[in-house]
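Here is a short note on the assembly you asked me to look over.

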Amino acid sequence: MITLATDFGDPYPAAMKGVVARRFADADAPVPRLVDVSHRFPRQDVRSAAFWLRFVLPEFPPAVHCVVVDPGVGTDRAALVVRAGEHALVGPDNGVLLPAARALAGADCDAATDPTAGIEPFEVAVEDPDSHTFHGRDVFAPVAADVHRAGVADLDRLPALSRTGDVDPLSFPEPTVDGDGAAGEVLVVDEFGNVVTNVPGGVLDGREGTTVAVGTPDGTVTAPVARSYARVGSGDRLVTVGSHGNVELAVNRGRGDEAFGVAARDRIDLAFG
Amino acid sequence: MITLATDFGDPYPAAMKGVVARRFADADAPVPRLVDVSHRFPRQDVRSAAFWLRFVLPEFPPAVHCVVVDPGVGTDRAALVVRAGEHALVGPDNGVLLPAARALAGADCDAATDPTAGIEPFEVAVEDPDSHTFHGRDVFAPVAADVHRAGVADLDRLPALSRTGDVDPLSFPEPTVDGDGAAGEVLVVDEFGNVVTNVPGGVLDGREGTTVAVGTPDGTVTAPVARSYARVGSGDRLVTVGSHGNVELAVNRGRGDEAFGVAARDRIDLAFG
Amino acid sequence: MITLATDFGDPYPAAMKGVVARRFADADAPVPRLVDVSHRFPRQDVRSAAFWLRFVLPEFPPAVHCVVVDPGVGTDRAALVVRAGEHALVGPDNGVLLPAARALAGADCDAATDPTAGIEPFEVAVEDPDSHTFHGRDVFAPVAADVHRAGVADLDRLPALSRTGDVDPLSFPEPTVDGDGAAGEVLVVDEFGNVVTNVPGGVLDGREGTTVAVGTPDGTVTAPVARSYARVGSGDRLVTVGSHGNVELAVNRGRGDEAFGVAARDRIDLAFG
């Protein structure tokens, strides 16, 4: 199985699928299953893509994951393959692969001080690609196909790969939590306006039905803690634990980002009632 | 084959695909084909989703259909598996599965008086899921995988399933038709603005080229009956029979909802010229 | 493998997938892999779809490509199957298939004077379909399935197909190029605002870093030649060679169509500095 995740929209990912399929067909090998993770990641937003990949990829069985969110395409940023347990991730060296790779490897370490603990990065020797603007088609899709054909356990057999310890790091900001509240940041806003913070959901344990004051750059908004959307009225705000395990600011049948007045990377403070 | 239909947008459905794939991989079983029906159903609009499923699912060969349009996630609404002929549908007990299930079973009955005639509903015993907000990943995708593995003919073998006759009904409003016209309702507006009504297309038989007066909440608009979009000028209104077999209000290369001034659930009256 | 490309959005393409799958299942034949090329081609824009298909389909191994961008649905336009090397394309006779077919066949000829050189068109005898508005489901998907089952080499065995030389042509406008610049046209604008022209990228050879004056219907805008987006500042314009090999007008992390003030089919003039 090869998964594909990009910020390319339509129809560019189809060219990547064609390249992968042709590479197997040319070798008379069966084409592996291709699964789209998303092609609508926020455009050129490496940190948001890294968040979503960490959220989604651990649900998958062992696979090769081809990721292209790549504002540095055409510069001298490296191309990477990262082995993480029985998975391999293929993509640009801008940190986008690392949080998901650490999660897939079960690496429970301080990403800020040792970004590659528990995972094995390889740099890809890239020959001059056809295009300086579409490495998804010309670099990463062919590498993902080659990695799948070689097998994740046998990456050392691929002459284009060489082990490296020097990768561009990426880590999410750390929240601060105490008994009265928490201070953190908005990691992503999903396309329906649900606001995902970096505050661990555990801070809401035992607080169902209490009121939280949410401090934002524009002021303070209050909302009840509720374990699911339908526990508040239609159009009403709530503070909940999202499916990612973090505190989420939401509106039942509405947009949390608008109701709370926040966007990705905004600071937020939670004060428990 | 497992089909997936949700109102989740991106990238949540990928987590469901990962869960299904992992469940088969963990059992060393081949992963069935996964086909996306849609992940852009109108958000939390159970009746619209039910319409689209009844429209699309009867085209498929026998399959397991996993449906998540679920405004009641995290409440005590039940989870269902509905057997319909050689198909099984998996989703929340809010009526979204029923019209498609009746169509797949070939059940030609009065849905308003006997919502489960011809189909076999089972309630799923749901253990406490990881998340109160993402049962697509934590409840319905695993159940769909288990149903596929057991086989639609063998649902009684699954200990989590128990037959039930008590399901939340859903039926579409009935139009009234006479020789001079029809009175009905807008069922859905598709993303290009085509307006699907509940009036059967047969009322337009023999009326090609005649004019229909369409009464809406805001007034009356006239348009010709035409069997396809290109039979009227670019930007012109038409009344046609859509691919669902119902009367559709449309504009050639434009938006019918704007030109006729209607939205889902609006009442409409058709007066034949 | 069957690829699908339409301007249908959601959820209509799922009905086509169901039809294809059922046609194989009914014959106890394995369902071929189905790959979505795009379902968001610009609505009823035959020339844009033809461009994207020529861009994407040559990446694929031999396959049947089912294409439905069909403003003439329900009129007397013919349905075609076009054999191009080991590929077959299925779709309406409006020219949308031809540029990709010529590219897949490796036909390097003057499309304006001989639109079918190097490719083999067949007309499909279409029986009265269920719907006058959804030939994707009722005509083209079944034909694509039948072509795949018969095999691209054996199209003459299909009784519904008859060879034809009379097809609706489509070709892209030709640019004029000299040593000082080029005059051409905008072919498409992608969904992120990148402006694809018909001017071959070779005109920019050796001009990296020089300034180009881009004449548009609204005036003249200057921008540097840069081989990739990140070589100019965030929000800055650039003139580059896109992954299609043509000159592209773009903005790093922004929209080229807005910054250059152009849309599909606008004339553009490039004057080299």
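1. Basis. This is a predicted model, in which local features need pLDDT of at least 70 and side-chain atom pairs count only at pLDDT 80 or more, while totals for chains, interfaces and linings use all residues. Residues are numbered from 1 along each chain as its sequence is written, chains are lettered from A and ligands numbered from 1 in the order in which they are written, and side-chain values use heavy atoms, with hydrogens and water left out.

2. Symmetry, chains C and B. Chain C is likewise laid on chain B by a turn of 120° and a shift of 0.0 Å along the axis, with an RMSD of 0.0 Å. Arg33(C) is the residue of chain C that comes closest to the rotation axis, its C-alpha lying at 5.2 Å. Of the contact residues of chain C, 6% recur in chain B, and the copies use different surfaces (contact: heavy atoms within 4.5 Å).

3. Extent of the C–B interface. Chain C gives 31 residues to the contact and chain B gives 31 residues. The buried area is about 2,500 Å², with 55% of it from carbon and sulfur atoms (accessible area, 1.4 Å probe, that the two parts lose on being put together, summed over both).

4. Arg40(C) forms a salt bridge with Glu191(B), the closest N and O atoms being 3.3 Å apart.

5. Make-up of the chain C side. Helix α1 (residues 12-26) of chain C supplies the largest share of the side that touches chain B, nine residues (helices are DSSP runs of H or I, at least four residues; strands are runs of E, at least two).

6. Thr216(C). This residue lies in strand β11 (residues 211-216) of chain C. Thr216(C) is buried, with a relative accessible area of 13% (buried: under 20%; exposed: over 50%; partly exposed in between; 1.4 Å probe, protein chains only). Neighbours within four places in sequence aside, Thr216(C) is in contact with Phe260(C), Gly261(C), Val262(C) and Arg267(C).

Key:
A salt bridge is a side-chain nitrogen of Lys or Arg within 4 Å of a carboxyl oxygen of Asp or Glu. Copies are superposed by least squares on the C-alpha atoms of residues with pLDDT of at least 70 in both.
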